[in-house]
Amino acid sequence: MCTTCGCGEPHEHTHEKDQELLIKLERDVLHKNKLIAERNRGFFEARDIKAINFLSSPGSGKTTLLEKTIASQKNHFDFYVIEGDQQSSRDADRIEKIGAKVLQINTGKGCHLDADMVHKALHQLEPPNGAMLMIENVGNLVCPALFDLGEHKRVVIMSVTEGDDKPLKYPDIFFSADLCIINKIDLLPYVDFDITAAEDYLHRLNPSMEIMQVSATTGEGMEAWYHWLEKESRLVLD
Amino acid sequence: MHELSLVVSIVETCENLVYKEGGKAIKEITLIVGTLSGVEVDALKFAWEMGVKNSVLEKANFKIKMEKAEAKCDSCLQHYSPKTLYEPCPICGHYGSNYLKGRELKIHLIKMVRK
């Protein structure tokens, strides 16, 4: 019999109590993502690469906007594109046709890109010095907001076929963006979209946010967008 | 459902910590979640059950401490507690405040069992 506990078992069990250790960690849950994002940012800076993270709901015209931008501006910028989608390479195929170097990331069930996915994509894509890297995030107005990819600027795209109150329904993504492009303005006569209200909501969330009204299809307002890209690319090189 | 990614990230941190400290498992974990952190607590709890299976957190007592948001008005410097990211200053009506608290999402405390 065990003389310590009187349990009647042969003495193969231990009487040492498990120690408890209390750790005050205070660590950001996204700590690792933030570290990799900073690493990406350092890589971009070392190579004078401008990286832009494009966010929007599905169907707002992100890919069309990119297609038109690349087609019109490929002589001014050295475009490299990372396409994030849950499945298929349809978007990457569209971009490749216009002549930009593109890499498709399929997130599978994942609803956003994270810094590590971009990091791995960079190893394959290898954007050279001075490149303009366009990262098209997964179409989703919720999840991508939390994940820093190491980008310099965040551009969120909303279209007039969506509700003008999108900024109030999905505040996080608009709060974190530097520029909002309101797309498909050629459809304004046919839809019930109050553009003044939308701009007001955006500025409530983010008073310093730049807002542009464009139609990627007709080309209206696109000059301002190209000008913005030009200005951003100069900021890096200075 | 970015909450599952968050749980996976927490599991990774805890697995590393248990390995480093020569521990057995996590007995209790407390997160601090800001009310304006962009995290849905119900979704996080739902993701938790799936995400911690077969990990050091599988049997851990999971606690969430909510952190109330606190903002400081850029214009009149008034402190207030906004419920949304677009709530104006209650004194001067100015939008665009400095968020001092409420955006955080962090692992606060861990109780680990050591051999």
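A: Strand E1 (residues 19–28) of chain A runs antiparallel to E6(B), and eight bridges join the two. Strands, numbered from the N terminus, are DSSP runs of type E with at least two residues, and helices are H or I runs of at least four; two strands count as paired if DSSP finds at least two bridges between them. The model is predicted: local features need pLDDT of at least 70 and side-chain atom pairs count only at pLDDT 80 or more, while totals for chains, interfaces and linings use all residues. Residues are numbered from 1 along each chain as its sequence is written, chains are lettered from A and ligands numbered from 1 in the order in which they are written, and side-chain values use heavy atoms, with hydrogens and water left out.

Within this strand pair, Lys106(B) of E6(B) stands opposite Asp28(A). Strands of a sheet pair through backbone hydrogen bonds, either parallel or antiparallel. Taken over the interface, 28 residues of chain A are in contact (heavy atoms within 4.5 Å) with 34 residues of chain B. About 3000 Å² is buried between the chains, and 62% of that is on carbon and sulfur atoms; buried area is the accessible area (1.4 Å probe) that two parts lose on being put together, summed over both.

Charged pairs also cross the interface. The count of salt bridges between chain B and chain A is four, where a salt bridge is a side-chain nitrogen of Lys or Arg within 4 Å of a carboxyl oxygen of Asp or Glu. One salt bridge is formed by Glu26(A) with Lys106(B), and its closest N and O atoms are 3.3 Å apart.

On the chain B side that touches chain A, the elements giving two or more residues are helix H1 (2–21), strand E1 (23–34) and strand E6 (105–114) of chain B. E6(B) gives the most, with 10 residues. The residues of this side divide into 17 nonpolar, eight polar and nine charged. Here Ala, Val, Leu, Ile, Met, Phe, Trp, Tyr, Cys and Pro count as nonpolar, Asp, Glu, Lys and Arg as charged, and the others, Gly among them, as polar.

Thr30(B), found in strand E1 of chain B, is in contact with Lys63(B), Lys65(B), Lys106(B), Ile107(B), His108(B) and Leu109(B), leaving aside neighbours within four places in sequence. Thr30(B) has a relative accessible area of 9% and is buried; buried means under 20%, exposed over 50%, and partly exposed in between (1.4 Å probe, protein chains only). Thr30(B) and Phe62(B) lie 32 residues apart in sequence, with 6.3 Å between their C-alpha atoms.

Chain B also has an open antiparallel sheet of three strands in the order E4-E3-E5. Strand E4 (79–80) and strand E5 (97–101) of chain B stand at its edges with a single partner strand each, so one side of each has no neighbour in the sheet. Strand E3 (residues 70–73) of chain B is joined to E4(B) by two bridges, and E3(B) pairs with E5(B) over four. Lys72(B) has His79(B) as its bridge partner in E4(B) and Asn98(B) as its bridge partner in E5(B). Ala71(B) stands opposite Tyr80(B) in E4(B). In a regular strand the side chains alternate between the two faces of the sheet. For E3(B), the covered face holds Ala71(B) and Cys73(B), and the uncovered one Glu70(B) and Lys72(B). E3(B) and E4(B) form a hairpin with five residues between them, and Leu77(B) in the turn has a positive phi of about 70 degrees.

For context within chain A, Glu232(A) and Lys50(A) meet in a salt bridge of 3.3 Å, N to O. Glu232(A) lies in helix H8 (residues 222–237) and Lys50(A) in strand E2 of chain A, so this pair ties together parts that are 182 residues apart in sequence. Both Glu232(A) and Lys50(A) are buried. Over all chains, the structure holds 20 salt bridges.
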